[in-house]
Amino acid sequence: MSRFRVILYMALISIISVNGDYYSATSELERLLDVEALIVEKFEEYLERAQQEQDNIKRFLDKVEELQKDRGELEEHFGNPLNAFTTIKRLVHDWKFNVFEPIFNTTNFETYKTSLSGALEGVDFKGPNQEDIQGATRGLLRLQNVYQLPTSRLASGVLFPEEKNQLNVSLSASDCLELGRNLCQMQEYSYGSEWLLEARKRLHGEPLGFISPNVSEVQILEQLSPAFYRLGNLKLANKLNNEILDKASGHEEAIRNKILYETQLTRERYFAPKKNGYAPKIDEKESKESFQLYKRVCRGDLRQSPREQRNLRCFLSHQNVAFYHLGPFKMEQLNLHPHVAYVHEAISDSEMELIIEHGLGQVERSRVGQSENATTSDIRNSANTWLWFEHNPWLSKIKQRLEDITGLSTESAEPLQLVNYGIGGQYEPHFDFVEDAQSVFGWKGNRLLTALFYINDVALGGATAFPFLRLAVPPVKGSLLIWNNLHRSLHKDFRTKHAGCPVLKGSKWICNEWFHEGTQIFKRPCGLKSDEGKFLELENK
């Protein structure tokens with residue numbers, strides 16, 4: 001029995017018990033008719049409200065059911081960053097506001113709640129939380145920042161102006177409000193205000209009957225006014241704050257802000273404008289030349305000239321291995337100094353499927369750093385796991401093929417690293433070699449060469465970028481990308497700083513191997529001329 005019905009029932013009992021003796025006078029019977037009419041009126045209100053809640057729940061469930069039918073292949077579905085964000089948000093917020101709270105707050109569904117909890121525990125389900133939403137928000141922010149995507153287009157699922165809704169999904173006012181709120185909490189007020197303005201626009205433009213939980217214009221303005229204040233636009237902040245008071249005159253925070261804003265506006269009128277104390281965050285990495293080059297390379301704004309590419313060749317090579325005389329490797333040079341090249345069709349479809357199959361359920365959030373000092377960071381937004389050759393005999397052919405292609409020994413190599421990139425997944429500019437190889441890798445020495453398999457197709461984004469080489473290598477399924485990390489003299493080559501561009505659409509799986517200096521003495525003799533100090537100016541750029 002709901003709280004409303006209990007209260008109503010107790011009120012009825014109290015009225016009847018106080019008056020009593022209704023059979024002795026018609027006047028008392030008339031009062032009973034009045035009470036009965038009141039009860040009918042109240043229950044009609046209750047039933048109308050309950051029916052409205054049921055209709056809302058039914059519309060929400062129909063919407064979710066429709067989304068479930070239209071999702072298609074899961075990898076393709078979640079390769080869409082908007083689908084990934086809205087799915088997380090739906091499980092964290094929308095189910096709560098549209099279904100659970102209306103049901104659990106108005107009806108005695110303890111048995112159902114217990115049953116539902118037991119079912120979720122039975123499948124070992126751990127739902128997404130606010131941290132997941134914030135992570136998805138950072139992913140979408142990264143896509144906007146690197147690829148310069150306008151907020152209104154991204155909210156409509158449009159990535160490029162010449163095409164319509166490539167992502168086949170658009171965000172609601174509730175989604176835009178959540179993004180704007182999270183971005184403001186991260187002090188990204190410029191992007192946050194854009195998403196809040198988009199939420200306001202969509203709130204007025206959404207069709208009747210569309211489920212947009214827990215969203216009102218006042219809620220949007222509560223976030224939007226302080227955002228513009230932080231951006232230094234005091235007049236607009238005050239205007240939006242007054243709009244809150246027009247709609248909710250007793251709004252305590254808006255009343256406090258009105259005093260603050262008008263005091264500062266008065267001071268600015270007669271004296272020099274006073275700064276609001278906020279200065280936009282200038283991230284140290286953002287100021288680095290390599291990071292700016294990385295973003296331009298990822299967007300395709302910066303690339304090698306035809307003159308620089310004139311000596312690059314595609315050719316067939318058996319790499320001095322007799323076995324490959326009949327079926328040589330398909331080599332494509334991408335850069336000569338340092339050496340960067342593609343080896344096409346270097347791994348079969350069945351091998352790629354097997355690698356992903358072994359990785360599913362095993363990947364964990366990727367860390368930055370070595371061994372016990374490794375930590376999670378927004379520098380690297382991915383999940384990874386390791387495939388050890390000795391524990392996976394089926395990798396022996398791939399291992400041998402890597403040795404044949406590179407001409408190096410895997411005796412000192414690391415296990416294969418399998419990596420999957422999620423919403424806006426990326427790895428910011430970094431070197432593969434380490435500063436003190438002796439303490440980290442011991443006798444194996446530093447990372448001499450990187451060999452990276454692309455093991456699935458990526459719809460948009462996800463290139464491997466070399467900022468100082470002005471080179472973006474798009475992922476080609478089945479191809480192997482190789483490059484040298486060290487000069488011929490085994491000194492660090494700072495030109496090899498590279499990054500994984502954010503995945504704009506789709507999912508990205510890679511598998512890489514790091515070959516070390518150790519045991520390569522007869523495979524790759526070091527040069528007699530020292531390259532120490534070459535391109536040293538690029539180290540901290």
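Trainee: Which residue does Glu-345 meet in a salt bridge?
Mentor: Lys-330, with N to O at 2.8 Å; a salt bridge here is a side-chain nitrogen of Lys or Arg within 4 Å of a carboxyl oxygen of Asp or Glu. The pair links distant parts of the chain, 15 residues apart: Lys-330 is in strand S2 (residues 329-335), and Glu-345 is in the loop between strand S3 (340-344) and helix H15 (349-359). Helices (H or I, at least four residues) and strands (E, at least two) are DSSP runs, numbered from the N terminus.
Trainee: Is Glu-345 buried or exposed?
Mentor: Glu-345 is exposed at 61% relative accessibility, while Lys-330 is partly exposed at 37%. Buried means under 20% relative accessible area, exposed over 50%, partly exposed in between (1.4 Å probe, protein chains only).
Trainee: What model is this, and what counts?
Mentor: It is a predicted model: local features need pLDDT of at least 70, side-chain atom pairs count only at pLDDT 80 or more, and totals for chains, interfaces and linings use all residues. Residues are numbered from 1 along each chain as its sequence is written, and side-chain values use heavy atoms, with hydrogens and water left out.
Trainee: Next, what does Glu-178 pair with?
Mentor: Arg-181, at 3.0 Å, N to O. They sit three residues apart in helix H8 (residues 173-185), so about one helical turn separates them. Glu-178 is buried at 5%; Arg-181 is partly exposed at 23%.
Trainee: Which residues form a network of salt bridges?
Mentor: Arg-200, Glu-217, Lys-239, Glu-243 and Lys-247.
Trainee: And how many salt bridges by this rule?
Mentor: The count is 19.
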